[in-house]
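Open the model in a viewer and keep the sequence beside it. The stops below say what to select and what is there.

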Amino acid sequence: MTRTDKELLIVSALENGTVLDHIPAEHVFRALDILGLKGIESQITIGINLNSKLHGKKGIIKIADKFFEDEELNKLALLAPYATVNIIRDFKVVEKKKLQIPSEIEGIARCANPKCITNHQPIKTRFKTVPKGNSISLLCHWCEKMTDIKGIY
Amino acid sequence: MSKSLISIRDFSKEEILHVLEAAKGFEQDRSRKILDGKVVGSLFFEPSTRTRLSFETAVNRLGARVIGFSDASNTSVSKGETLKDTIKMVSNYVDLIVMRHPLEGSSRYASEVSPVPVVNAGDGANQHPSQTLLDLYTIMQTQGRLDGLTINMVGDLKYGRTTHSLLQAMSHFNPTFIFTSPEELKMPSEYKDFLDRKGIRYIETDSLEEHLNNCDILYMTRVQQERFTDPMEYEKVKDVYRLSASMLGGVKPNMKILHPLPRVGEIDQDVDDTPYAYYFKQAENGLYVRMAIISYLLEYDTNR
Ligand SMILES: [Zn+2]
């Protein structure tokens, strides 16, 4: 058994499904929300405050019998830029991938500018993602102001 | 979708130069009725007499007609009509829309729901690209070129949208910038990062005297009270710079002083009579530049 496989087993073994690893511990519940996992039937196991070599305390989410489209998963990239996705079949990791930060996001975050048209009229928010240090910022398509991702969750 | 002018970034360097060239033509001959039979919607969701008169004069001198409103309080907008519905309705009637709106991003949104071109005449503190083009036109007129100039921007560089847009537009022309502002109103880092990426030099100072003698353009701005949420912060910085004729003894002979007007206290009246004052001519130039923008967007060949 490789090291990674062992780590994934710390919480509990998963026969088939998706394991989301390296989610910042404080964002685990918000991640469930963004993926629309509240109220689904699948068995979900979460671990919080596990030790991560690279990024402090991490969280892990295991969802049994559930597989996601990349597009759905990439919505998490803002919150958990270092997250990895493990696809499990028959207790084995058959695929491992990193999240891709989408170049544009629509309808997720709110614009931080109180004078932005999207905060006053029924208009969908739309942002370009812009790298900023080891995080990213959101550039509003409408008002051209930056929104810090720390502020939006 | 038709071509709109919402932000100065919507125009390439070539388009900017094309509009400036066309504006020169309109300055030489200010009544060319090349838009006879056209109708322009002038939608001022917040009042701005100065900008509105300049645009509407431009439309009239081009031979087109104007419909619209100068204040949204008497219109269906005040009854809660969405911007989308107003724009959809007006764009059925007109060939081009000029709009000013207090909310940021409103003009970009209008341009995406309107089938006819939209010219942004100011969306909150965001963009006001016709001001930027008239600034460029004036710089070109006074210096005979745009390339390689030293521009000293003075005043509120934090909230002042005119300086941000001018910075973006001038970045095509290898400038050197001097940013003169109090600590509280410094140029935001996103614009300095932009200059760093483009390899454009800039110096920051809080002293108006320090670089007065090295610049080709002195771009003065006023500190606008409405941009401040904290009245104490405003009181601290509002009178920080005051240019007077006695300070101009050592400036470069080609130096010109620009200001987007109206001024409050940052330029003494005695500066008006010096050969360096150019802000009234700058305001007049707005007419020719707006004629050029409108005719460009309506795809008229003004060089014909
Ligand atoms: Zn916005």
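Start with the zinc ion, whose donors follow the spacing C-x4-C-x23-C-x2-C along the chain. This is a predicted model, and the predictor gives the complex an ipTM of 0.87 and a pTM of 0.84.

**Stop 1: the zinc ion**

Select A:Cys111, A:Cys116, A:Cys140 and A:Cys143; these are the protein donors of the zinc ion, each through its SG atom, at 2.3 to 2.4 Å from the ion. The angles among the four donor atoms are 100 to 119°, and the site is tetrahedral. For comparison, the ideal angle for four tetrahedral donors is 109.5 degrees.

Now keep A:Cys111 and A:Cys140 on display. A:Cys111 is in the loop between strand S6 (104–106) and strand S7 (126–132) of chain A, while A:Cys140 is in strand S8 (residues 135–140) of chain A, so the pair ties together parts that are 29 residues apart in sequence. Are these two buried or exposed? A:Cys111 has a relative accessible area of 3% and is buried. A:Cys140 is buried as well, at 3% relative accessibility.

**Stop 2: strand S5 of chain B**

Move to chain B, where the mean pLDDT is 93 and 97% of the residues reach 70 or more. Select residues 150–154, which form strand S5 of chain B; five of its five residues are buried. Both faces of this strand are covered, with B:Thr150, B:Asn152 and B:Val154 on one side and B:Ile151 and B:Met153 on the other.

**Stop 3: the strands paired with S5**

To find one bridge, pick B:Asn152 and its partner in S6(B), B:Ile178. Follow the chain from S5(B) to S6(B): the path goes through helix H6 (residues 161–170) of chain B, and this β-α-β crossover is right-handed.

**Stop 4: a glutamine in the crossover helix**

Return to helix H6 of chain B and select B:Gln168, which is found there. Its relative accessible area is 12%, so B:Gln168 is buried, the cut-off being under 20%. Which residues is B:Gln168 in contact with, leaving aside its neighbours within four places in sequence? Show B:Ile8, B:Arg9, B:Tyr191 and B:Phe194 to see these contacts of B:Gln168.

Terms used:
Residues numbered from 1 in each chain as written. Chains lettered and ligands numbered in written order. Predicted model: local features only at pLDDT ≥ 70, side-chain atom pairs only at ≥ 80, totals over all residues. Heavy atoms only, no water. Buried < 20%, exposed > 50% of the residue type's maximum accessible area, 1.4 Å probe, protein only. Helix = DSSP H or I, 4+ residues; strand = E, 2+ residues; numbered from the N terminus. Pairing = 2+ DSSP bridges. Right-handed = clockwise from strand over helix to strand, strands pointing away. Donors = N, O, S within 2.8 Å, 3.2 Å for Na, K, Ca; no water. Tetrahedral: all angles 85-135°; square planar, octahedral: opposite > 155°, others 65-115°. pLDDT = per-residue confidence, 0-100. Contact = heavy atoms within 4.5 Å.
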